[in-house]
Amino acid sequence: MPRRFRLVDTGLRTGRENIALDQAMVDARLAGEIPDTLRFIGFKPSALVGRHQAVQQELKPEYCRAHGIEIGRRITGGGAIYMDEGILGWALVCDRRTLGGALPDITRAICEAAARGLSKLGVDARFRPRNDIEVDGRKISGTGGFFDGDALIYQGTVLGALAPQTMLSVLNVPQAKLEKRALDNAAQRVVTLAELLDGAPDWGRVKDALARGFAEGLGIEFEPGVLSEAEEARARRLHEDEIGTDRFVYEIDDPAGDRDVRAGAHTGAGGTVTAYVRLEGANNSRFREILFCGDFFVAPPRVVLDLEACLRGVSVTDAEQRVQTFFGELDGGCLLSIGANDFIAALRAATAEALA
């Protein structure tokens, strides 16, 4: 028997307002106040970094401020994105047991269902691991999500119409990443529905196609609904107290800006992790502070904060064993796209000179 989901369209909001509503819906689902839900999301011009990313490294803040583009920080991992009225957002918020399996399996199921929906528009959309949907090798949708207790939030985008120059002006795309894919610029990596369908998309038709793809691919039925007053109230509080504040958005800003910070990066199958470290003690033998940044996915996000905390004051030579112990003691409900060896490799790169 199909599982039932509420279907809501929350209209056009700022990036920070939308992220606050994301968290409000996760909290409400954990509290049993709302049913499993598919949400369609509209964005005013916004530049959004992933939960563990540094603003100055991923975005061009001066351009954003000069052009009225709000900067926000997502509650999900992954890379920085630009959103506006030409890009549709969607999110599934549900009990993690509704879709079953581990996060990689859920990711594949959801992305294949989304691709199935987009294909109903007459495009050959396909899932590309680890979390993209592509048409002829070009990205039309990025996705990501995490578990918080028994609640799952999984989000995605659909590129409807996009001005490539705006995207390039907002995002700091490393030249090495472009060269890796033999691309002159990031715009060549993406494709829009406007390009594929020879005109601006009908968002009503796109939403209907996606809903049908999710229904068929995930075995669910939708009932049209609206946000509850409790959800809206939660979202307002989160926006005012945390997610809408500069304190939250810029909590990771420019970690490489201080002269005494050492940095090292490692890229693996699950994303890139960069370690920023301050050392102290005789011969810089201990970690004073550690910050891990990157486009990786961790569930729940606080795992990274806990790892940073457990390494403070630890000797550089003991760090690898401490990281292995930390991961060995993790709760079985924690899920990551990267593991102990990825964090260790980043720490090695950051402390190579100190150990020489």
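**Note on the predicted chain**

1. **Charge.** The chain carries 43 positive and 52 negative side chains, and the centres of the two sets lie 1 Å apart. Lys and Arg count as positive, Asp and Glu as negative; His and the chain ends are not counted. Each charge is placed at NZ of Lys, CZ of Arg, CG of Asp or CD of Glu.

2. **Basis.** This is a predicted model: local features need pLDDT of at least 70, side-chain atom pairs count only at pLDDT 80 or more, and totals for chains, interfaces and linings use all residues. Residues are numbered from 1 along each chain as its sequence is written, and side-chain values use heavy atoms, with hydrogens and water left out.

3. **Overall fold.** The chain has 14 helices and 16 strands. These are DSSP runs, numbered from the N terminus: helices are H or I with at least four residues, strands are E with at least two. The radius of gyration is 20 Å, close to the 21 Å that the globule rule gives for 356 residues, so the chain is as compact as a globular protein of that length. That radius is taken over C-alpha atoms; the rule is 2.2 Å times the number of residues to the power 0.38. Along the principal axes, the C-alpha atoms fill a box of roughly 65 × 45 × 35 Å.

4. **Burial and contacts.** Buried residues make up 52% of the 356 residues. Buried means under 20% relative accessible area, exposed over 50%, partly exposed in between (1.4 Å probe, protein chains only). Take contacts between residues at least 6 apart in sequence: 71% of them join residues at least 24 apart. A contact means heavy atoms within 4.5 Å.

5. **Helix H13.** This helix spans residues 319-328, and its buried residues are Ala-319, Val-323, Phe-326 and Phe-327. Seen down the axis of H13, they fall within an arc of 90 degrees, so they line one face of the helix. The arc is that of the directions from the helix axis to the C-beta atoms. On the other side of H13, Gln-321 and Gly-328 are exposed.

6. **Leu-311.** This residue is in helix H12 (residues 302-311). Leu-311 is buried, at 0% relative accessibility. Among the residues it touches are Ala-319, Arg-322 and Val-323. The C-alpha atoms of Leu-311 and Val-323 are separated by 7.8 Å, with the two residues 12 apart along the chain.

7. **His-52.** This residue lies in the loop between strand E3 (46-49) and helix H2 (55-58). His-52 is buried, with a relative accessible area of 6%. Its contacts include Arg-73, Ile-252, Phe-292 and Cys-293.

Key:
Lists of a residue's contacts leave out its neighbours within four places in sequence.
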